[in-house]
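Subject: Structure for your files, with notes on salt bridges

Hello,

Please find the structure below. My notes on its salt bridges follow.

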Amino acid sequence: MKKQLFSLVLGAGLFVGGGQVFANETEEVVSPDSELYDTTRIMEEVEYDLTDDASDKAILQDQYATERLKESQVAMESGDIETAEQLVEESNSSAEQADADLTEAKSSGDEDAEEVEESLSKSLEERSKELTKLLEREDLPEEAKQGISNAIKQVENVVQRAKQREELQSKLVDGEITEEEFKSEMKVLAETFKEEAKKNREEAKKNREEARKSREEARKSREEARKSRAKAKEREEELREEAEEREEEAREEAEEREEEAREEAEEREEEAREREEEAREEAEEREEELREEAREREEELREEAEEREEEEREEAREREEEAREEAEEREEESREEDEDEDEDEDDDDDEDDENSRNEGKDNSRGRGNQ
Amino acid sequence: MTKKWHFAFILFFITTLLVGCNGETESDNSAEVNQKENVESEENELLYVNEAYGISIAQNADWTFESEVVSANLNVVLSHNKLEAIISTVSADRTFEEIKQELKSGAGDVEVISEEGHTLSYKSKLKNAVRTDVYFKEHNDSKNLIIIFMSPNSEYEQAKPNIKSLLNHIN
């Protein structure tokens, strides 16, 4: 046991090196930035509350102390120094609670208490080394360094507790106190440690709650900022769209005007074509009318000519008829003269009479026609 | 004369028996009705509701509301004796595989009991181990739910019906 105490004190005093394995384990931890981080913390609290055995409780708090330190490293790597400090504080309060639970286990004569104590001392040593390693970081702000220094002092407090337990153990071994007295005094120590641990845990929890609230507020602010940016972007997008729409409208209007101008030009062209067509048609009509008139005049002339020709022909016929009648009359006269001269025959006379009647008829008919 | 007394006694006995049975049946019936009414009123009442996240938990059995923490996600803690339930929201774009991996990382040194479909079960390696059962439930377009049950491993079998009951009451 003395050896254990020695190693614990040595571990707390000589925090050098040995952080490599520990650092690699940070990959297995839930990041404080994770959506599920608070869920895992609530699960831890529930698990601890459901655990009745003091040794088990000590182991759990020791695990939590180690996890907080790993999470602190993650937070530090991501530049969240405030959270890192908070987690170091929580790591220490868990370590104190583990120690208080261990003391209770020892006071109740738990057989596993010694083994748990050994395990806890190793963890404490590793955490101490890690804290020292953190303290040596050059990029750490002064405030954070102060916080880690305080944490190391708290580790020393745990070491002092271990010393107190060890002194009691020695007294028991040396026969200075009875088993009953040992248990009784250990119980008193356990109560004191538990009280302190409880106080520190509550303080750490309160701080964590505040930190969580400030993270939540920061998250809300980020969210609001993101929303504002999104809104601004949206507004910008709207303005851009409006500008595009206006441009589009102007373009469309220009196109419409161009189209209208083109249509008007086409209409004018069409009208000109129509007027030309009308003029052409009118000209054709006039030409046609002229041709018609010419044809009519020609026709009239032709008819007049024909009429004149007919009249001439008629006149010629009449003249010919008159000439023929005159010739016949002359022939008749000459024949009558011949008959008179050659003695008239009765039959011929009748015939002559008849002929003269017929000629008279023809003459009267020809006059009627004229 | 004795026969008459015997007959009268038997008659009285039978009558008493019939009346008694009838009364018991009525009492059974009314108990059944009351139970039904209780179930209906339990179903109508809500144990927890969060409109922002669209979550409601109907009143059932002896589950009681413990706490609500809203941070990066919503966490609602309910309890039933030594059985605790944590109902948490997770972004819908995260797969259950990713969630399981993260929960196992946060759980430390544990023994995985089963990992099937939308469930994960593991227990701590302590003397008095605590068992954790995680159920994944699709909720809406933006959020899904994980329902985490934790109980001492020794009391898990007893807790099983209450786990199933609560799972059926979460909407």
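Which residue forms a salt bridge with A:Glu244? In this predicted model, the partner is A:Arg240, and the closest N and O atoms are 2.5 Å apart. The two residues lie 4 residues apart in helix 8 of chain A, so about one helical turn separates them. A:Glu244 is partly exposed, at 41% relative accessible area.

A:Arg240 also forms a salt bridge with A:Glu237, again with closest N and O atoms 2.5 Å apart. Here the spacing is 3 residues within helix 8 (residues 179-342) of chain A, which means that A:Arg240 and A:Glu237 are likewise separated by about one helical turn. A:Arg240 has a relative accessible area of 40%, so it is partly exposed. A:Glu237 is partly exposed as well, with 32% relative accessibility.

Helix 8 of chain A also holds A:Arg291 and A:Glu288, 3 residues apart and separated by about one helical turn. Their side chains meet in a salt bridge, with an N to O distance of 2.4 Å. Both residues are partly exposed: A:Arg291 has a relative accessibility of 37%, and A:Glu288 has a relative accessible area of 35%. Elsewhere, A:Arg41, A:Glu44, A:Glu67, A:Arg68, A:Glu71 and A:Glu90 are joined into one network by salt bridges that share partners.

For the total, a search of the whole structure gives 52 salt bridges over all chains.

Regards

Conventions:
Residues numbered from 1 in each chain as written. Chains lettered and ligands numbered in written order. Predicted model: local features only at pLDDT ≥ 70, side-chain atom pairs only at ≥ 80, totals over all residues. Heavy atoms only, no water. Salt bridge = Lys/Arg side-chain N within 4 Å of Asp/Glu carboxyl O. Buried < 20%, exposed > 50% of the residue type's maximum accessible area, 1.4 Å probe, protein only.
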